[in-house]
Amino acid sequence: MTDPKWLVRRALKVLQSEDTPLYLFTLAAEEVDLVADVARIGRDEAGKLIGYQRPEKQKHVKQIQEYLDSEDPIFPNGLILALPPEVKFKSSRGPTTTDGLAVAGTLEIPIAPDGDGPRPAWIVDGQQRSLALSRTKNRRLPVPVAGFVAASLELQREQFLRVNTVQPLPTGLVTELLPEISRVPSARMATRQLPSALVDMLNHDADSPFHGLIRRASTPADDKKVTVVTDNSLVEAIRESVESPSGVLFPYRNIASGTTDTEGIRRVLLAYWGAVHDTFPEAWGASPTASRLMHGVGIRAMGRLMDRVMTHVRDDDPRARERAATELALIAPKCRWTDGTWEDLGVAWNDLQNTPRHISALSNYLVRTYLAERTGRK
């Protein structure tokens, strides 16, 4: 930022962490838009994830704005901002400026002189509120702000996940952000970090049958017409195989050393799902309403079948995809992905839903059929 001017506000420096200073201060409603911006989730031209915030909810913003425009609004729900390292805090003088928990002083935030340059801070929590504040008629309404200094986008994403645990974030948004941070906020989220990174690989790897077909939180609205697989179903399918001792992907993790053979997992996933693509070409790539193979119930069930099929296929075999297709040919005549009725289940193809009961029923049927046909082949 060239020759910035400084916005100065009274502040408290909360003594939590020396590495990540935390400040409590106040901004006028009209200053929020001057100081902070929203890091919308998306991907750049190279496919790298940028930002972390979900899209604007216009109805929610309008409701907040209507309240802010009313007489004497009380607005205790503040904002959480990621501040740039350039901010300056100056302690006040005197013996009563600290109580051992916080230090009183002034905070200086650099902003563009004309107000049109890049904003120095990012909104980690409160994006809908910030949009309403930027549009309210009460321009000088004081807004409580908590700001922490974050030099890296990774730290911002980590804090974004942590502060949004009371009102859960959309699963797809959390899932896509997890591979981008090193300190995962919870053990539950940690189990999804590796599977999410693998799903990202499947979506961007040119050798993957899922290339460009997976819908993620960052998927542009125009591309959602051509993406047919929701990332959550595929993440869960991979997670089950990675976490379960009976999963075919489980041996690729060395729990003692904390390492993972991701290249080996990649070979398994490309071989198996490539074979699924080759075995059911008429059902692959269609919308979930036209093909239950692309539906959550199909992805989850075929994911469980992978644990059986790929125990008979070496991932380093140059013909692994072809051999996996030979295994899948055993169940192909019994599958009803796009029409007909699953005879043994007594369910029409398009009546299968992404529910635990249907996922379990279809998974068990596919595994039973595969094992019976394989035994008969022998």
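The following questions and answers set values computed from a predicted model against the definitions behind them.

This is a predicted model in which local features need pLDDT of at least 70 and side-chain atom pairs count only at pLDDT 80 or more, while totals for chains, interfaces and linings use all residues. Residues are numbered from 1 along each chain as its sequence is written, and side-chain values use heavy atoms, with hydrogens and water left out.

Q: Why is Asp307 called buried?
A: Buried means under 20% relative accessible area, exposed over 50% and partly exposed in between (1.4 Å probe, protein chains only). Asp307 has a relative accessible area of 16%, so the residue is buried.

Q: Where is Asp307 placed?
A: Asp307 belongs to helix H9, residues 296-309; helices (H or I, at least four residues) and strands (E, at least two) are DSSP runs, numbered from the N terminus.

Q: Which residues is Asp307 in contact with, leaving aside its neighbours within four places in sequence?
A: Contact means heavy atoms within 4.5 Å, and Asp307 has such contacts with Ser241, Ser246, Gly247 and Val248. Val248 is 59 residues from Asp307 in sequence, yet their C-alpha atoms are 4.7 Å apart.

Q: What makes the link between the side chains of Asp307 and Ser241 a polar contact?
A: A polar contact is a pair of N or O atoms within 3.5 Å; within protein, one must be able to donate a hydrogen and the other to accept it, and residues adjacent in sequence count only if both atoms are side-chain atoms. The side chains of Asp307 and Ser241 make such a contact at 2.7 Å.

Q: Why is the pair of Phe210 and Trp273 called edge-to-face?
A: Rings of Phe, Tyr and Trp (its six-membered ring) pair if their centres lie within 6.5 Å; planes under 30 degrees apart count as stacked, over 60 as edge-to-face and the rest as tilted. For Phe210 and Trp273 the centres are 5.3 Å apart and the planes stand at 65°, which is edge-to-face.

Q: What does the pair of Phe210 and Trp273 tie together?
A: Phe210 lies in the loop between helix H6 (187-204) and strand S11 (214-215) and Trp273 in helix H8 (residues 262-279), so the pair joins parts that are 63 residues apart in sequence. Both Phe210 and Trp273 are buried.

Q: How do you know that the charged end of Lys88 sits over the ring of Trp6?
A: The rule asks for NZ of Lys or CZ of Arg within 6 Å of the ring centre and within 35 degrees of the ring normal. The charged end of Lys88 is 4.4 Å from the centre of the Trp6 ring and sits over that ring.
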